Amino acid sequence: MTAELRPWLAPSSTGPVTAAVRLPGSKSMTARALILAALADGPSVIEAPLRARDTELMAAGLRAIGVAVDTTDDSRWTVTPGPLRGPARIDVGLAGTITRFLPAAAALAEGVVEFDGDPHMRKRPLRPIVAALRAIGVTIDASPIDGLPLTVHGSGAVEGGTAVIDASASSQFVSGLLLSAARFTKGLTLRHEGPPVPSAPHLRMTTHMLRAAGVVVDDSVPDVWTVEPGPLSGRTWTIEPDLSGAAPFFAAAAVTGGAVTLAGWPAQSWQPVEQAIGIFRSLGAEVTRSAEGLTVRGTGTLRGITADLSEVGELTPVVAALAALAEGPSELRGVEHIRGHETDRITALATELGKVGARVTEFPDGLRIEPGPLRGAAFETYADHRMAHAAAVIGLSVPGVDLTDVGCTSKTLPEFPELWAGLVANGVGSASA
């Protein structure tokens with residue numbers, strides 16, 4: 001069920017924001033760990049997981065097909081595999097990870113598994129993964145556009161073999177197949193044909209985590225992934241803090257000339273940290289890593305940039321908000337795939353940044369943003385947590401930015417409104433969620 005709308009006036013900053021922030025775990029890593037743990041040959045533990053709408057629904061979906069997922073301890077979830085079976089009904093909410101990761105696992109179940117979710121999810125692309133699963137022997141009923149509602153007729157096994165996919169709309173199509181492929185009778189060789197696959201770091205996260213679970217994966221040939229059949233090992237997964245979720249907090253430092261440290265950042269990361277660091281430095285911020293964590297410092301300068309964000313599309317809304325506050329124009333390209341996210345983020349950003357006074361040109365794969373005198377306005381969030389983050393960043397410098405719904409941030413960080421307000425109000429301190 002869609003959450004009740006929660007209008008919210010974004011707080012404005014009166015001085016530098018300086019804080020250490022401890023955020024929940026990465027949504028991407030938590031989702032992958034849940035799938036791999038569910039398909040393993042023994043129990044697993046997920047330490048420091050993200051508890052949010054997307055991951056709660058993923059856990060509920062796995063329970064529905066026979067996996068024991070204990071989430072009573074916020075800091076330590078346990079997953080005990082069981083025989084996968086239907087009938088089951090799975091609510092995907094507005095989560096692309098569930099919609100693209102769970103059908104392949106559900107195909108291993110004995111019985112019928114139905115998928116549906118929030119109304120907008122019926123518009124999000126699924127055809128490539130539906131076609132690929134059909135090509136390897138899975139029986140699926142789907143809507144006329146090969147999307148939700150979706151019914152997987154599981155037979156208890158998937159033959160696997162070879163499939164061709166166009167994953168140019170989302171790397172999740174590839175990840176969703178690879179995560180279950182070791183359980184297919186013949187494994188899987190998956191070949192991408194089409195424009196470049198976006199969000200390559202997320203694909204590397206998938207292959208790294210598969211190998212950590214004992215799976216043999218060959219990704220040495222560009223756009224070809226081969227997963228050998230075999231068991232997945234139950235293990236302890238330690239989830240990193242969420243880099244995308246940290247982006248608005250880092251932006252607060254850049255906008256206000258303060259310093260924000262993301263505490264608990266690992267020395268070695270499976271997330272696209274180098275790309276994120278490069279973007280913030282290009283914008284004019286200083287970025288350092290230490291034993292305390294990953295720190296972004298504002299320098300008093302916010303520069304316009306020209307950037308290809310294809311590998312870090314999730315950062316686009318926050319980067320676009322920073323571009324609207326910068327000293328010169330910016331051009332953000334390479335993100336046509338974000339039109340298929342929770343909303344068409346390119347059009348949504350063009351519309352809402354225009355409302356607050358920026359001059360925005362929309363391209364098929366991005367935006368040109370020319371800063372102008374900015375003003376307060378009602379900022380539509382489109383049930384999209386990243387749009388809410390963008391609005392909050394604008395509101396730091398522009399009084400009167402009124403979000404139509406801050407409740408959508410529950411998708412990945414339910415505590416965002418309180419955490420953000422406390423960060424801005426206190427100016428100096430620490431916060432955790």
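Colleague: How much space lies in the second largest cavity?
Modeller: About 80 Å³ of space lies there. This is a predicted model, in which local features need pLDDT of at least 70 and side-chain atom pairs count only at pLDDT 80 or more, while totals for chains, interfaces and linings use all residues. Residues are numbered from 1 along each chain as its sequence is written, and side-chain values use heavy atoms, with hydrogens and water left out.

Colleague: What makes a space a cavity?
Modeller: On a 1 Å grid over the protein atoms alone, a cavity is a set of points where a 1.4 Å probe fits but cannot get out, and lining residues have an atom within 4 Å of a point. Points are joined across faces, edges and corners, and the volume is the space filled by probe spheres set on them. Of the 32 residues lining the largest cavity, Lys27, Ser28, Gln172, His202 and Glu314 are the closest to its centre.

Colleague: How many residues of each class are in the lining of the largest cavity?
Modeller: That lining has eight nonpolar, 14 polar and 10 charged residues. Here Ala, Val, Leu, Ile, Met, Phe, Trp, Tyr, Cys and Pro count as nonpolar, Asp, Glu, Lys and Arg as charged, and the others, Gly among them, as polar.

Colleague: Why is Glu314 called buried?
Modeller: Buried means under 20% relative accessible area, with a 1.4 Å probe and protein chains only. Glu314 has 19% relative accessibility, so Glu314 counts as buried. Gln172 is buried because its relative accessible area is 16%.

Colleague: What does UniProt list for Glu314?
Modeller: An unreviewed UniProt entry lists Glu314 under "active site". UniProt annotations may be inferred rather than shown by experiment. The "binding site" annotation, also from an unreviewed entry, covers Lys27, Ser28, Arg32, Ser170, Ser171, Gln172, Ser199, Glu314 and His341. The lining of the largest cavity includes Lys27, Ser28, Arg32, Ser170, Ser171, Gln172, Ser199, Glu314 and His341.

Colleague: What makes a charge sit over a ring?
Modeller: NZ of Lys or CZ of Arg must be within 6 Å of the ring centre and within 35 degrees of the ring normal. The charged end of Arg235 sits over the ring of Trp237, 4.2 Å from its centre. Arg333 lies over the face of Phe363, at 3.9 Å from the ring centre.

Technical notes. On a 1 Å grid over the protein atoms alone, a cavity is a set of points where a 1.4 Å probe fits but cannot get out, and a pocket is an open set with protein on both sides within 12 Å along at least five of seven lines; lining residues have an atom within 4 Å of a point. Buried means under 20% relative accessible area, exposed over 50%, partly exposed in between (1.4 Å probe, protein chains only).
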